[in-house]
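Keep the viewer open as you read.

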Amino acid sequence: METRAERFKQDCLSDIDFFASNPVAPLFIAPEDGPIAKVELRRVQKRIAHIVNRQWYTKGCLRIILCKARRIGSTTFFCMDAFRQAALKPNTNVVIGAQLDDMAERIHERNHIFYANYPPSLRPERAGRSRSFKEPMDFRRHVTEEELMAWERGGPKPDHGLNSSISIFTERTPLARTGATIQYLLLSEFAKYRNQSTIIKEMFPTVRRGTGAIVIDTTAEGRGDSYSRLWEEAVAGRSEFEPVFVSWLDDDQQCHQVPEAYQVEQFYHWMACVQREDAGGIEKYSNNLNLNEDESLLLRDFIVPRWAKSSMEEQDRLHPMGWICWRRWAIQDRCDGKVQIFRNQYPTHWREAFLSSAITIFDMGQIAAQSDRISTEKPPERGELIEISGRRALDVDQQAMMAQVSHTRMQVNSGMFSFVKESFGPLRIYEHPVAGEEYIISSDYAEGVSDNCDYNTIHVYRRGDKLEQVAHFREKCYPEECASEALALGAYYNMAWQIPEVNSCGAAALALFRTCYPVHRIFRRKVADNARKFSPSDLMGWKMTGRSKAEAVGGATTYWKQGLCIIRNKNTLRELEVFVKKSSRMLPEAMEGTDPITGERYHDDEVTAFVLAIFANRQLPFKGRSVVERESKEKRECAHPVIAGAKCLKCRKEFPEAKEEPLTFEALRKMVKARNSQSGNGRESALANFWTGGWGSIR
């Protein structure tokens, strides 16, 4: 018959919240200030407890990888769970990893506090004293010699108790019990380990698949290490780990303080101006609250939406300006006055946590917000464009390829292509063309189909108040094939503007554009000072140089941060995320290394297509109207400072009297005769008379 103690243990194993803070046998802990007290789970810890209970109940095992802000109590929580497994389950080998000895010692002391303050009737027997973390805490009953001798004589087998243990290791000490099977592996601050790959290789296999627990609990350090690979694979759903991100905004106990009364009053005025999009009011109250651009975006995109969804009690207790006030204090007091350090140690979203020596270019807040939005949207339609005759858009038209030889022009037109759905089609359509709308198609070209080649990429954007991505193409193919697809997309999307990248492989694609697409719908580069040496077709497309790349990327970063572009494709967001300025050369380019999700090196093809679309959107006329300066009400006369070719170079007014005329013999005769008559000296010149027709004066 099950005893009450056994039922209590089962309840503790089924709910860690009950195990930690039940009224019968609660856990005790030593807080930062004050004496040892009963455990009261914080809001962050209760959220993690829900995930832990769900995984143990539904999967029978625990696989969690945690990315968190500093000092939120997650390590303490998982130490409670590890102690629960070792103290209540028989034959459970718990191994806890810490980076340094002092961290390991604190975990060891915490386990002793758990054990010493647990009711004697419920806590298991221990063998040994475990004076330091280097000695495991064994939950094993001491067997006397009499019991052993009785067993040898055929008596009952002695009771060894739970036969469980808790071992702790650090980087400086040998790995604890790696040869034995581990039932619970907890790695605290794993991102700071220098031997991450060794631990993964040697310790992960000791936890049997589908059983036990592996918990990785850490604040992120940077990309390129084993932890970042595990995290990104978990986010992509490619591993057994469940990613759990804990923002500093989740920690109401540590990361919030009561704001001043004037801040509360000014905040409501600021929020009202934001809701009615009053630019003047926003600027006024932002100045009153001393809000910089980062704080304004943080309030608008993260803090206020959370606050609006909370209960009335929480809205009164956790005012939005309280988070901003604490953030200002933490930057100065805990982060050496550096915002970059705060973002790494107290991230708002997980992408902010993975900061390294590379400086991210595109605003990570926008990337996080748009990534969350994409996760809730329906997937795109996949397929390909088919011509009326049945030709696939990806297959280059042979007549178009031979147009230069045959002196013919194969021009595409709107309505000649239709979209056909296919499960694995190369084209992703997020929104089909809308009559009357104008679109931009940007394309980046690569050399071929080998594994080491870049991708051919095409983006389609709908123009308007915001530039919105409506179609996407990304394949390894030949540049002419990608150009053929771009031409078909241009025809499909209302004869869209085309802005191809024409460096190297793009030159081959441009030859197809000249043959098949209306010239007036292809982007032209700004005419250089020596443009007389070029024909109009030589200026088509976008040519990448150091200057043009800096100009396009610089404009795109501001455009992106202001939320003026909507991205629908996950891969585009991924490349924006890893597009950085490297500390060595400070050049904008893709991050070095291998993408843990795709297994390929990092690319920037998507970024190129993205920045080209923004660059073209800011340069090209919209629906036939170009950007012009408004004429002043006052009429201004041009001073005509420079006249060339009988025209003023400023206002383009024509001056017929300044037009050059060819010098003929008759014109020269009139010129000499006029000057001779105006000389006023009264003397005649034989040479002048000869030129002007005075033959009689010659003797």
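## Helix α23

Helix α23 is largely enclosed by the rest of the structure, because 13 of its 15 residues are buried (buried is under 20% relative accessible area, exposed over 50%, partly exposed in between, with a 1.4 Å probe and protein chains only). Helices are DSSP runs of H or I with at least four residues, strands are E runs of at least two, and both are numbered from the N terminus.

From first C-alpha to last, α23 (residues 605-619) reaches 21 Å, close to the 21 Å expected at 1.5 Å a residue; the expected span is 1.5 Å times one less than the number of residues.

## About the model

This is a predicted model, where local features need pLDDT of at least 70, side-chain atom pairs count only at pLDDT 80 or more, and totals for chains, interfaces and linings use all residues. Residues are numbered from 1 along each chain as its sequence is written, and side-chain values use heavy atoms, with hydrogens and water left out.

## Strand β6

Six of the six residues in β6 (residues 164-169) are buried. One side carries S164, I166 and I168, the other S165, S167 and F169.

Strand β4 (residues 93-97) runs parallel to β6, joined by five bridges, and V94 has I166 as its bridge partner. Strand β5 (residues 137-139) pairs antiparallel with β6 over three bridges (pairing takes at least two DSSP bridges), with F139 partnered to S164.

## E295

Look in helix α11 (residues 293-309) for E295, which is buried at 4% relative accessibility. Beyond its neighbours within four places in sequence, E295 is in contact (heavy atoms within 4.5 Å) with N290, I324, R327 and R328.
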